[in-house]
Amino acid sequence: MADRTAPNCHLRLEWVYGYRGHQCRNNLYYTAAKEIVYFVAGVGVVYNTREHKQKFYLGHNDDIISLALHPERVLVATGQVGKEPYICVWDSYTVQTVSILKDVHTHGIACLAFDLEGQCLVSVGLDSKNTICVWDWRRGKVLAAAPGHTDRIFDISWDLYQPSKLVSCGVKHIKFWSLCGNALTPKRGVFGKTGDLQTILCLACAKDEVTYSGALNGDIYVWKGINLIRTVQGAHGSGIFSMNACEEGFATGGRDGCVRLWDLNFKPITVIDLRETDQGYKGLSVRSVCWRGDHILVGTQDSEIFEVVVHDRNKPFLIMQGHCEGELWALAAHPTKPLAMTGSDDRSVRIWSLIDHALIARCNMEEPIRCAAVSTDGIHLALGMKDGSFTVLRVRDMTEVVHIKDRKEAIHELKYSPDGAHLAVGSNDNSVDIYGVVQRYKKVGECIGSTSFITHMDWSTDSKYLQTNDGGGRRLFYRMPSGKEVTNREELKLVQWASWTCVLGPEVNGILPKYSDINDINSVDANFNNQVLVTADDYGLVKLLRYPCVRKGAKFKKYLGHSAHITNARWSHDYQWVITIGGADHSVFQWKFVPERKKEALHIAPQEILADSNSEESDSDQSDVPEMDSEIEQETQLTYRRQVYKEDLPQLKEQCKEKHRTMAMKKRERAPGSALKLHFIHGYRGYDCRSNLFYTQTGEIVYHVAAVGVVYNRQQNTQRFYTGHDDDILCLAIHPLKDFVATGQVGRDSSIHIWDTETLKPLSVLKGSHQLGVCALDFAADGKRLASVGLDDNHTVVLWDWRKGEKLSAMRGSKDKIFVVKINPYLPDKLITAGVKHMKFWHKAGGGLIGRKGNMGKTETMMCAVYGWTEEMVFSGTCTGDICIWRDMFLMKTVKAHDGPVFSMHALEKGFVTGGKDGIVALWDDTFERCLKTYAIKRAVLAPGSKGLLLEDNPSIRAISLGHGHILVGTKNGEILEVDKSGPITLLVQGHMEGEVWGLATHPHLPLCATVSDDKTLRIWDLSPSHCMLAVRKLRKGGRCCCFSPDGKALAVGLNDGSFLIVNADTLEDLVSFHHRKDIISDIRFSPGSAAGLTQISSFFVTRPDGETAREE
């Protein structure tokens, strides 16, 4: 069987070529360490020019479009585009997230700015109102928000000399804002007769309420208060895109390619015309400028970064280059040298040195370039064009060898044969043309079998065959060089391929995620030496898989950075690097290939941890995990979706009223004067819940069943109820003081209730953050915070200040089910989640949470987890019966604790107690080195005072808690037991297990009732104050109905297979059974006149689901 695990090797982002200059401005700064910070695609880049090294911030999941530098010049804020865009504040030294700001803006974040103290951050959204938002960014809280303007806002700045004042500018407006309390109040700038009303592109604040702004016509507008007082005409030849204030004065940059320096009174100092320098060119447009001391940073529209030394301003250094605006599709690796060739819709072809991380050659073509290939001897570079032509250049000097146009549609793929004799050129005309290299690229063959555009091609090692993929999802083979199609597959059995870049074929069956189209994957490249495969897709993911990747649902490692579709990916000639290119972000990423991660290398570079995500979205079913216990597998398949939710009831009632309008004239009867009061509930929800059973402060027991929170007094055998929920409760957590409880329920917009166990009154209700249901809860050690996990597809994790009802932080938890959440008792900003195939370690960052998967080697499913005796020690129970001992996010060792899954774990002051599917309760020392004592849950050790009967020995234990000298145990069978540490076990409460309960009958004379359920049990319950189960019997099938005989001596039970039984009501032993029907018996009744005795029992009625009633004699 093929290995479906993710490969052990990984990729590490080493270099990003390019800079985001188009449609962005003011996004390039010097940090305190004199490094340069900017962004490209979805990556924040910190570039050390002295050492020629880059660090990467990878916390975004879409294009970054705005950036601000903290006044201390260490922290950076970046904002992105997207449906739910967010702002990340991060450290430029460590490239780690400090805070995440989310849930306010839509579409994107256009501008960002810190205030003078660096305490507040202002952001401008891309929504229709261009919303302006002021944040306390450390807490992730919004201080104030207001609509910005009806038209686009281009820049915003704090007035550094007047606290709580801001200025924004944009399309035909400038606004002056005051922040007072939580109100942002604008005053519109008055242009008057001093200058024309026009678009303001950038601004900077000065002393004495003076504001300088750059206009679209190239003038500087000078404002005093809200009034325009003068203009500096012709400051630039056209639009001024960037203005930067520093101690020496101001720097401005514009579309005219000039950078101008001004003193503090905006008197001109000097001008630097970049177009006139050695590296300059006609059409150069400045988008960002930063003046710091003797150095000036300049970012251009065409993705270049210049560094200018003021005293030698005529010789700027070109320190970064990238492709200009336009889609980037063409990529080829040199066959013998560490070089990569790229070509773009900007009509340029570029050669990059993978060792020097630099552009070493560039050539401009006449047409947009769509694909590239280098001949096997490295001499020729072929370029496929958008207009259907292709050009061959000499790599040495970029001179043209030949230019041929045989097609009208774009050339999407071309490749040289391994022997160097032929060039295959695939076009959107559905054909592949073969050209002879030595015959000066004369056409020698044509492949015309495809019915759609050609997407990928590969030559055989002997250059005799070519395989192609097309847009219609067909894989075809041709003999070379004639181009005749091969239809006999036997002929191809022994063919070996020189490369594998096709997306179709048995070798790459596993690359497609579920529900995706073959055209979603743009590029594939196989590394035959290391047996790995790299893919690039439309979702911005680079994936690493094993090769061959035969079976669907193969695991992978994924890497983020490109914001949208990645158009191409290629291995370097020696397999040291992977090069990927982004279509819309037109950036080039260079990834270092690390063949095997050393086990001892526990301390990984921060950006590597962020980038390397092990297969969270892999597509195999849960059953593919060999160690998955059947009980857990069953639970992972449970869905809590309802056909009808409580919220739907008013609408359904209204529909029902409409139906019965004709009966509206009838006199409505009054409700009865008497009422029902809930007295006792037999049952406990253990079959799909864990750790939901605790002692309260007063020694009572709190748990949940159905939609009710139950507080049980074990001395008096009485219950009190919290009935605030309107649907099934799925989880329960107790406050550290053990007086309050939090419960979470199922529901479309499910709620969490925090309630008092004494008064049974709600203290807080938390709504609006979880869909479908809440499956895990935990209080912080100080009781102020509450963590919750939702049942939505992303299992969202939320951190609450529950008293205020305030959501502090939220983040997507995992694609796989989460079973437990725990807040660190020592550091309340940290927490863990555990569940199917993962263990994650989280820390709060502003309004978000940053999560990292635990390094555990083999992927295991975790069922429970607790923190240990220090802030970094964590203990988790696995589905295979092991206890995992963690320090931070690293697995230190495992200890075998139970046979089968460890479902529950409780931390003591000195030690732990665990419970598993094997029905054993185990007490451990504080290091899990010694098991101090075990208790087996067996009928033989049940104490005389038990309120019922144990259904079976060693039931699966789902909850464990300690207190008042006892161990409290909840089982999957719906039983609550109290274990005395000296040995005896008392059964306190029990109910039916999983499955629906339909059958109910009351005894005609005694305070008894009988129930029968889908759990295949028939039970007799005492309704007197003892409230216990008197008898139980296992059935061969589940049942749906039951009925006592009129004398109470016999009990009839209808089963799901169409049979029914008559049993002795005292002993539950069979008296007689019948099997006359195939469908479920839905109701069963004795005729009222039946006299006592077996001879009269046979007169009763049986009802089937179709409504037919049959009399049985």
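Reader: Which residue lies over the face of Phe556?
Author: Lys543 does, at 4.3 Å from the ring centre. A charge counts as over a ring if NZ of Lys or CZ of Arg is within 6 Å of the ring centre and within 35 degrees of the ring normal. Bear in mind that this is a predicted model, where local features need pLDDT of at least 70, side-chain atom pairs count only at pLDDT 80 or more, and totals for chains, interfaces and linings use all residues. Numbering runs from 1 along each chain as its sequence is written, and side-chain values use heavy atoms, with hydrogens and water left out.
Reader: OK, and what lies over the face of Phe903?
Author: Arg958, at 4.1 Å from the ring centre.
Reader: Switching to ring pairs: how many aromatic pairs turn up in the whole structure?
Author: The search finds 32. Rings of Phe, Tyr and Trp (its six-membered ring) pair if their centres lie within 6.5 Å; planes under 30 degrees apart are stacked, over 60 edge-to-face, and the rest tilted. Take Phe779 and Trp802: their centres are 6.0 Å apart and their planes at 80°, so that pair is edge-to-face.
Reader: Are those two buried or exposed?
Author: Both Phe779 and Trp802 are buried, meaning under 20% relative accessible area, with exposed over 50% and partly exposed in between (1.4 Å probe, protein chains only).
Reader: Which rings link into a cluster?
Author: Ring pairs join Trp869, Phe875, Phe912, Trp924 and Phe928.
Reader: New topic: how exposed is Leu160?
Author: Leu160 is partly exposed, at a relative accessible area of 37%.
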